[in-house]
Amino acid sequence: MSAATTRSRTPDRLCAEAVDLARTAAEEAAAPGIVGEHVGLVSEGDRVVTHYFECKEFGYRGWRWAVTVARASRAKVVTLDETVLLPGPESLLAPEWVPWSERLRPGDMGPGDLLPTDAEDLRLEPGFSGEDEPAPNSAVSQDMAELVEAEDAEVTVGTPAHLPVAPRRGSIAAVAEELGLRRARVLSRYGLHVAADRWEESYGPKTAMAQAAPASCVSCGFLNPIGGSLGQAFGVCANEFSPADGRVVSLSYGCGGHSEAAVMPTPPRPAPPVIDETKVDPFPLRPSPDSGSVSLTPDETTAELGHS
């Protein structure tokens, strides 16, 4: 370690003693009563010392007023360098600034919000190629394009060379526009993979709902298939009682609303009634003499009274 390095770490005596000068500078920069006690000093170099004072202002807990003083070589007068409010080791700081494009999260957009996409967005790629010339494997060949332009020359006013814009109906862009398929950019393979991973995480086989489901969506009658390459692994749920209604779900996803999970059984037919209410049973007012409830007696008067 050199002597210069040793001297730079040792606070200059006159600069270290200039606490009153540093406090006066801090009080001039801050509001009255904001500067607190002297909490320490740090040697910044040869004859350069920074004094720290406590900050009593509300909302700046742990911050410190830093006043740097210096002294010229062979001079006995200490001068003021700068005064600034700095955070301490236990200060409450704002989070690090992040660009809006990186801190934007799904669901943050509201009505009227615009989300411009980057020109170099990896999720997108040109929607068509060969805008000026048909692709080599295209159904619209160069000969057909020339034939179309020749037909246009007969129905338009003047020759194509004298028109404001020469007809280019034989180009890929023109054909795509006629079919309603012209899009400047479409999803790239990377964009497809990113979307598939996102949907798989939300409504995939590893979710708690799918783990407890009796069957997967591939056999559910409420699954609405989708086209394209994503249709081999995803579909749209159309069950209003399912937690994934209207969502793109994996074919391996499942829930308790599966169409074949719990088919309602046929209601059982009631047992025949014990008492047939459709029939009438005769009940005599007097019991039959031979029923055993009335003793046989020759006395007719007693017999008329019946059994008491």
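What volume does the largest cavity have? The largest cavity has a volume of about 80 Å³. A cavity is a set of points on a 1 Å grid over the protein atoms alone where a 1.4 Å probe fits but cannot get out, and lining residues have an atom within 4 Å of a point. A volume is the space filled by probe spheres set on the points, with grid points joined across faces, edges and corners. The count comes to 1 cavity of 30 Å³ or more. Its lining includes Ser216, Cys217, Cys220, Phe222, Leu223, Cys237 and His258.

This is a predicted model, in which local features need pLDDT of at least 70 and side-chain atom pairs count only at pLDDT 80 or more, while totals for chains, interfaces and linings use all residues. Residues are numbered from 1 along each chain as its sequence is written, and side-chain values use heavy atoms, with hydrogens and water left out.

The largest pocket has a volume of about 570 Å³; a pocket is an open set of points with protein on both sides within 12 Å along at least five of seven lines. It is lined by 18 residues, and Ser101, Leu104, Leu115, Asp121 and Arg123 lie nearest its centre. Helix H4 (100-103) and H7 are the elements that give two or more residues to this lining. H7 supplies the largest share, 4 residues. Helices (H or I, at least four residues) and strands (E, at least two) are DSSP runs, numbered from the N terminus.

Helix H7 covers residues 189-202, and its end C-alpha atoms are 20 Å apart, in agreement with the 20 Å that its 14 residues should span at 1.5 Å a residue. The expected span is 1.5 Å times one less than the number of residues. Gly191, Ala195 and Ala196 of H7 are buried. Seen down the axis of H7, the buried residues fall within an arc of 130°, so they line one face of the helix. That arc is taken from the directions from the helix axis to the C-beta atoms. Buried means under 20% relative accessible area, exposed over 50%, and partly exposed in between, with a 1.4 Å probe and protein chains only. The face turned away from the buried side of H7 carries the exposed residues Arg189, Asp197 and Glu201. Strand E6 (185-187) and strand E8 (234-237) are among the elements that cover the buried residues of H7.

Strand E2 (residues 48-55) has 6 of its 8 residues buried. Two strands pair if DSSP finds at least two bridges between them. The pairings of E2 are set out below.

| Pair | Sense | Bridges | One bridge |
|---|---|---|---|
| E1 (residues 35-45) and E2 | antiparallel | 7 | Val35 and Cys55 |
| E2 and E3 (residues 63-71) | antiparallel | 7 | Tyr52 and Ala66 |

E1 and E2 form a hairpin with 2 residues between them, and Arg47 in the turn has a positive phi of about 60°. At 29% relative accessibility, Arg47 is partly exposed. Arg74, in the loop between E3 and strand E4 (78-87), has a positive phi near 65°. Arg74 is exposed, with a relative accessible area of 83%.

**Val249**

Val249 lies in strand E9 (residues 248-250) and is buried, with a relative accessible area of 0%. Leaving aside neighbours within four places in sequence, Val249 is in contact (heavy atoms within 4.5 Å) with residues including Tyr203, Cys217, Leu223, Phe234 and Cys237.
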